Amino acid sequence: MFTLAEVASLSDIQPTYRILKPWWDVFMDYLAVVMLMVAIFAGTMQLTKDQVVCLPVLQSTVNSKVQPGTSGKADFATLETTTGKGEEASMRTVSFGSAPTVTPDIFLSRATSSQYQTTESGQELKKEQKDSSGRKTNLDFQQYVFINQMCYHLALPWYSKYFPYLVLIHTIILIVSSNFWFKYPKTCSKIEHFVSILGKCFESPWTTKALSETACEDSEENKQRLTGAQSLPKYVSTSSDEGSPSASTPMITKSGFKFSADKPMIEIPSVTILDKKDGEQAKALFEKVRKFRAHVEDSDLIYKLYVGQTVIKTVKFIFILCYTANFVNTISFEHICNPKVEHLIGYTQFECTHNMAYMLKKLLISYISLICVYGFICLYTLFWLVRIPLKEYSFEKVREESSFSDIPDVKNDFAFLLHMVDQYDQLYSKRFGVFLSEVSENKLRGISLNHEWTYEKLRQHVSRNAQDKQELHLFMLSGVPDAVFDLTDLDVLKLELIPEAKITAKISQMTNLQELHLYHCPAKVEQTAFSFLRDHLRCLHVKFTDVAEIPAWVYLLKTLRELYLIGNLNSENNKMIGLESLRELRHLKILHVKSNLTKIPPNITDVAPHLTKLVIHNDGTKLVVLNSLKKMTNVAELELQNCELERIPHAIFSLSNLQELDLKSNSIRTIEEIISFQHLKRLTCLKLWHNKIVSIPSSITHVKNLESLYLSSNKLETLPAAVFSLQKLRYLDVSFNSIAVIPVEIGLLQNLQHFHITGNKVDVLPKQLFKCVKLRTLSLGQNCITSIPDKVSQLLQLTYLELKGNCLDRLPVTLGQCQLLRKSGLIVEDHLFDALPSEVKEMLNQDTSIPFANGI
């Protein structure tokens, strides 16, 4: 027995694929069930009650002569019985011919038959018929059963006998045809996956939240709430025309969740609460829908299979109707049977009655009616299949109702499945469309992001950078948390690997923000946010893989002072940067390009009159075309690093305002062109480090205003006296060369403050070196020096002394007279330091408030 709970649970079971069955499929399923019941009912009746009853047909001899027998058979006269009012019945006498009578009960030989026997038999017959009425056929019960069985198979038409089984077979075929697409291996997995995802999308709390929020955006109550805002941020524009960029600027448009730039951004309370678990489930659904769409949209097998099975059902209907209609009249109550077993029963013909004939005929008519209805529905299905393109599905209506304007149209099997779902309930496709919208997905990411990155957590990640500015670095997030814009005292914001970064109007609260970093982050900005950035942003760093990834609004920041571009700008893509010219950056002073340029992009010359610093860092690609440099007359600092330059470019000599030139990490071997630097009256810093320079020409004396000279990491073997004629020289770096001798002329550099000769072959320090009393930094490490003169005490401003890596036996005691030198600024082996007198060590270990200096 079943328990009540088990029986109740059966009622809760719903068909797995009910949402993919339109009304005609459901109706055809019901018709198939009715036809199945007809087959079962007819089969049951046939098995239990179906039979025929047969009686022999006797030849009539009334008022006629006896017909001669055939093949030794007896001819019997037809008995005519007249029934009176009483129980008595009068009968005519049976007359026999001359042929002997042969019956199953009485077998008489022709040789022994006589008149006497005939008379005696006639008397007995008369006596028996006086006792009972009816016609005697001389057949017993077993013979009747035998005849009934034979005539059932011989006399009845085949359709009367097999009608229930044919109905059963036809119905099973129709049922299989209707559900084959659910069971076919290449389609059932896709259908199961689709039904599973669809159910989860329908029940997801995010679906309800997203649809409710978009409904709230268009409601009158929400409009009144926005209108009633009392105060607006200073840089939130209430007019779409004020400070708006051109039409090509990639601002966030009114699509999906409408973040309008011409309205204040006021948070709308969530209609439903979406906890972290629901958010994670919704994000997983977005990923499943994306993968399912890619998998299903590439074929139309499900559509073809459904069309094929519908065609098969229609052909089956026509076939059944055609051949069944011919057999309706063959089912009758009376049948004539000729079993051809006269040698057993003595009769040639029987008249039989089929007791199930009327019932089967009614059932057959009912079955034909059901088949006709079934066929009309099949024809309607075919009409529906060809009426509209089912391999295309548009969410136009859903986009209008839900404001998700970015829901894409789908095709092939994905479209067909959605068409089938619409026949069940269009709400399913509407809710499913939420998970096809990128706007919806981004909004979900934003909610999850805001749950995780609160104001308190972001505040913990704020740090101080080298410039003593408050800096926040966000890395690999799904978006920009809203709480970021509440950090009003932030100076620097770094966004790295955030592909869906959006800068909203709330950034107008960050009045201290002047520097923005976008590393592989094509950020989009609202119109009001752009107006704020245009007026406040001073420094922008953009790192990209392809120049097309640079946000177009970058080229419209009119007040931008510094722009750093790091990415691929090879010769093929140089034209692309011209799509948005830099000429709008009227206040740009510093342009830093780290790329693989073969020539300076022509569009850089658009801002050349305003630039004061140009930096080009190549990755080893040879920079060939430099003619554009001639137009940059206001450039004061120029860096051309790792550009495979072999000589100093002549275009540099036209930069009359140049103050600092850096040609680091090139392939320069000779600098004979240095004589032309005499025209650069303002040049004070020359950096030729990390090259292949062998010698310094004497013409360097013409660069009289030079204050800093960097020649480290070259191939110098000597220092010419001409170098020491530069009286304004304050910084000289010749580290990591092959210099063996420091010329005595070094004493002429009375303004020298920093001298670096680390990593050379110097073995003796000239006493003239210590005449440079302004020296603050002296790097003598990794040489062959054996002793330090006591005159080192003359360097009263010395704060940094490097001696490590030499051949020293001791340190001079006079180091204690260098009043500004401390242990932290003395780079030497520990044993040498420990060998100093205690009073000298105490002097060097004293604290000082004077900061350590290792540069200019």
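Visitor: Which residues in α18 are buried?
Guide: The model shown above is a predicted one. A residue counts as buried when its relative accessible area is under 20%. In helix α18, the residues that are buried are Q527, T528, A529, F530, S531, F532, L533, R534 and H536.

Visitor: Why is α18 described as largely enclosed by the rest of the structure, and how many of its residues are buried?
Guide: The cover over the buried residues of α18 includes strands β11 (502-503) and β13 (524-525). The helix is largely enclosed by the rest of the structure because the buried residues number nine of the 10.

Visitor: Which residues have the most contacts inside the largest nonpolar core?
Guide: The largest nonpolar core has 133 residues. Helix α18 (residues 527-536) supplies the largest share of this core, four residues. Apart from this core lies another, of 76 residues, with C201, V289, I377 and F395 among them. Inside the largest core, the residues with the most contacts are F677 and F755.

Visitor: Which residues does F755 touch, not counting residues up to four places away in sequence?
Guide: F755 is one of the residues with the most contacts inside the largest nonpolar core. With residues up to four places away in sequence not counted, F755 touches L732, V734, I742, I746, L769, L775, T777, L778 and S779.

Visitor: Is α5 roughly parallel or roughly antiparallel to α12?
Guide: The axes of helix α5 (residues 158-183) and helix α12 (residues 357-387) come within 11 Å and cross at roughly 20°. Angles under 35 degrees count as roughly parallel. Therefore the relation of α5 to α12 is roughly parallel.

Visitor: Is the crossing of α5 and α12 left-handed or right-handed?
Guide: At this crossing, residues of α5 including F163, V167 and L174 meet residues of α12 including L360, L364 and I371. The crossing of α5 and α12 is left-handed.

Visitor: How many nonpolar, polar and charged residues has the contact of α5 with α12?
Guide: On the α5 side, the residues that take part include Y159, S160 and H170, and on the α12 side they include Y367 and Y374. By class, the contact has 10 nonpolar, three polar and no charged residues.

Visitor: Does T187 count as buried or exposed?
Guide: T187 lies in helix α6 (residues 185-203). Leaving aside neighbours within four places in sequence, T187 is in contact with W181, L301, I302 and L305. Because its relative accessibility is 1%, T187 counts as buried.

Visitor: What percentage of the residues of the chain count as buried?
Guide: The chain has 20 helices and 26 strands. Of its 856 residues, the share that count as buried is 47%.

Definitions and conventions. Residues are numbered from 1 along each chain as its sequence is written. This is a predicted model: local features need pLDDT of at least 70, side-chain atom pairs count only at pLDDT 80 or more; totals for chains, interfaces and linings use all residues. Side-chain values use heavy atoms; hydrogens and water are left out. A nonpolar core is a set of buried Ala, Val, Leu, Ile, Met, Phe, Trp, Tyr and Cys residues joined through side-chain atoms within 4.5 Å. Buried means under 20% relative accessible area, exposed over 50%, partly exposed in between (1.4 Å probe, protein chains only). Helices (H or I, at least four residues) and strands (E, at least two) are DSSP runs, numbered from the N terminus. Contact means heavy atoms within 4.5 Å. Axes are lines fitted to C-alpha atoms, for helices over the stretch in contact, and angles run from 0 to 180 degrees between N-to-C directions. Angles under 35 degrees count as roughly parallel, over 145 as roughly antiparallel, 65 to 115 as roughly perpendicular and the rest as oblique. A crossing is left-handed if the near helix is turned anticlockwise from the far one by less than a right angle, and right-handed if clockwise. Ala, Val, Leu, Ile, Met, Phe, Trp, Tyr, Cys and Pro count as nonpolar, Asp, Glu, Lys and Arg as charged, and the others, Gly among them, as polar.
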